[in-house]
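My entries follow in the order I made them.

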Amino acid sequence: MGERLDVDVAIVGGGTAACAAAVALRRHGLTVAVLEKRRCGAGASGVNFGGVRQQGRDLRELPLSRRARPLWDGLNALLGEDVEFEATGHIKLARSEADLEFLERYRIDAAACGLELTMMGADAVHAELPWLGEKVLGASLSPTDGQANPRVVGPAFARLARRMGAEVREHTPVEAVAHTGSGFVVTAPGLEVRARRLVNAAGAGSGLVAASFGEAVPLTPLSPNMLVTEPMPYFVSRSIGVCGGDVYVRQVRRGNVVFGGGGGWQDHERGLARPNDAESLGGMKRTLQVVPGLAHARVIRTWSGVDGQMPDAIPVIGPSRTTPDLVHAFGFSGHGFQLGPVIGEIICELLVDGATPSPIEPFAIDRFDGLASAAPADAPVGGSTHTEH
Ligand SMILES: Cc1cc2nc3c(=O)[nH]c(=O)nc-3n(C[C@H](O)[C@H](O)[C@H](O)COP(=O)(O)OP(=O)(O)OC[C@H]3O[C@@H](n4cnc5c(N)ncnc54)[C@H](O)[C@@H]3O)c2cc1C
């Protein structure tokens with residue numbers, strides 16, 4: 001006979017979204033169990049590029065991203081830990097006239113959502129960042145964007161949730177979820193959790209949870225390939241991206257330059273993503289065109305991780321259409337790190353108030369009705385060449 005736990009809310013997954021939700025729910029006095037199959041933050045939340053970026057997002061996501069942004073200013077105080085958030089600004093580079101036109105159109109659309117972007121011509125951008133490669137023709141600057149340390153954020157939310165009284169269970173893989181009519185039964189090895197409400201925040205594993213409630217979704221794994229150099233004198237003073245998303249670079253204050261390159265591959269046996277050498281080499285070449293000064297930098301580590309990718313590259317956020325008291329939040333398609341803290345608040349609002357002031361209609365799970373099926377276990381890992389971070 002295993003352990004039995006009775007709580008108001010059970011959360012499958014222990015990423016930033018899940019742990020931020022646990023914090024928000026505890027603030028409302030609800031009892032919470034977070035069930036994470038590895039360690040909290042071991043999924044996409046802990047291995048991502050660390051871009052805290054509003055610029056370049058799908059316009060449907062911008063209101064959430066705008067709401068998330070001020071939360072980052074208060075994270076150190078909230079969590080009691082330094083998450084290394086720095087508003088370095090995010091610069092998106094144009095390498096063609098078409099890119100420049102695209103950036104200008106996006107600037108106008110983003111302004112309508114309250115995000116102020118500044119266009120920079122070739123002279124201005126090269127004057128500010130003299131180390132940029134010659135191919136850069138101009139850029140769009142989002143001064144309020146920045147970067148943070150993903151290895152700290154998710155675990156710090158988990159530690160806070162635990163201090164606030166949440167049951168945070170690591171190494172607890174959820175094997176089955178069911179609605180009994182009066183509530184949920186969540187089963188993991190040696191543990192049965194009974195909960196009045198359930199949150200599906202299991203990242204790339206969320207498709208299986210959704211399918212258990214008759215809501216199969218076309219979620220596929222996305223595994224961007226990441227690299228980091230040895231520490232160098234600090235010079236990449238902004239977080240850098242490009243139109244098309246195939247280069248992204250930032251430098252941490254300690255000196256290491258973090259950059260992305262293509263997609264990784266999936267190690268099915270261990271359920272992990274791994275870096276791909278050929279993709280890493282391609283990523284290095286593309287990055288050198290933008291930051292030639294990295295030519296002699298030594299890459300000391302490469303890695304990958306798995307996020308859930310939706311066909312329209314925006315997440316699923318909102319109530320289940322089949323099951324009362326079930327909320328989904330997954331499928332962030334390679335750009336959910338910046339959103340994490342606000343997703344926690346939105347999950348809490350949906351469970352406590354039954355509604356959220358944020359416009360989540362575009363993220364409804366039933367938008368895939370008719371074309372959805374859970375990703376096959378051996379689905380190829382999506383390359384991230386065109387995913388922006
Ligand atoms: C390499 C990489 C780079 C990225 N770069 C950026 C970036 O720069 N900026 C940005 O905004 N976003 C970025 N992203 C995306 C971002 O990291 C994710 O969208 C976000 O972290 C998703 O958070 P989450 O909490 O939904 O999922 P996760 O952090 O993946 O958490 C889900 C958790 O659920 C657990 N789980 C799954 N199934 C089960 C189960 N059955 N039982 C128990 N637990 C389970 C997993 O172990 C995992 O820890 C990147 C992603 C990757 C992979």
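**Helix contacts and ligand shell**

I started with α1 and α7, where Thr 16, Cys 19, Ala 20, Ala 22, Val 23 and Arg 26 of α1 meet Val 153, Gly 154, Phe 157, Ala 158, Leu 160 and Ala 161 of α7. Contact here requires C-beta atoms, placed from the backbone, within 7 Å of each other. By class I find nine nonpolar, two polar and one charged residues in this contact. The classes count Ala, Val, Leu, Ile, Met, Phe, Trp, Tyr, Cys and Pro as nonpolar, Asp, Glu, Lys and Arg as charged, and the others, Gly among them, as polar.

I note that this is a predicted model, in which local features need pLDDT of at least 70 and side-chain atom pairs count only at pLDDT 80 or more, while totals for chains, interfaces and linings use all residues. Residues are numbered from 1 along each chain as its sequence is written. Helices (H or I, at least four residues) and strands (E, at least two) are DSSP runs, numbered from the N terminus.

Next I looked up the geometry. The axes of α1 and α7 (residues 150–163) are 8 Å apart, at an angle of about 25°. Axes are lines fitted to C-alpha atoms, for helices over the stretch in contact, and angles run from 0 to 180 degrees between N-to-C directions. α1 and α7 are therefore roughly parallel; the term covers angles under 35 degrees, with over 145 roughly antiparallel, 65 to 115 roughly perpendicular and the rest oblique.

I then turned to α10 (residues 340–352), whose axis comes within 7 Å of that of α1 and crosses at roughly 50°. That makes α1 oblique to α10. The residues of this contact divide into 11 nonpolar, three polar and one charged. Among those meeting here are Ala 17 and Leu 25 in α1, and Ile 343 and Leu 351 in α10.

Which residues come nearest the ligand? I find Gly 15, Gly 43, Gly 203, Gly 205 and Gly 336, out of 41 around it; near means a C-beta atom, placed from the backbone, within 6 Å. α1 (16–27), α2 (44–47) and β13 (224–231) each supply at least two residues of the shell. The shell has 18 nonpolar, 19 polar and four charged residues.

Last, the domains. Domain 1 (3–49 + 151–218 + 311–368) and domain 2 (87–145 + 221–309) both give residues to the shell, so the ligand lies between them. The bounds come from an automatic or database domain assignment. I read 30 Å between their C-alpha centres.

Technical notes
Two residues are in contact if their C-beta atoms, placed from the backbone, lie within 7 Å.
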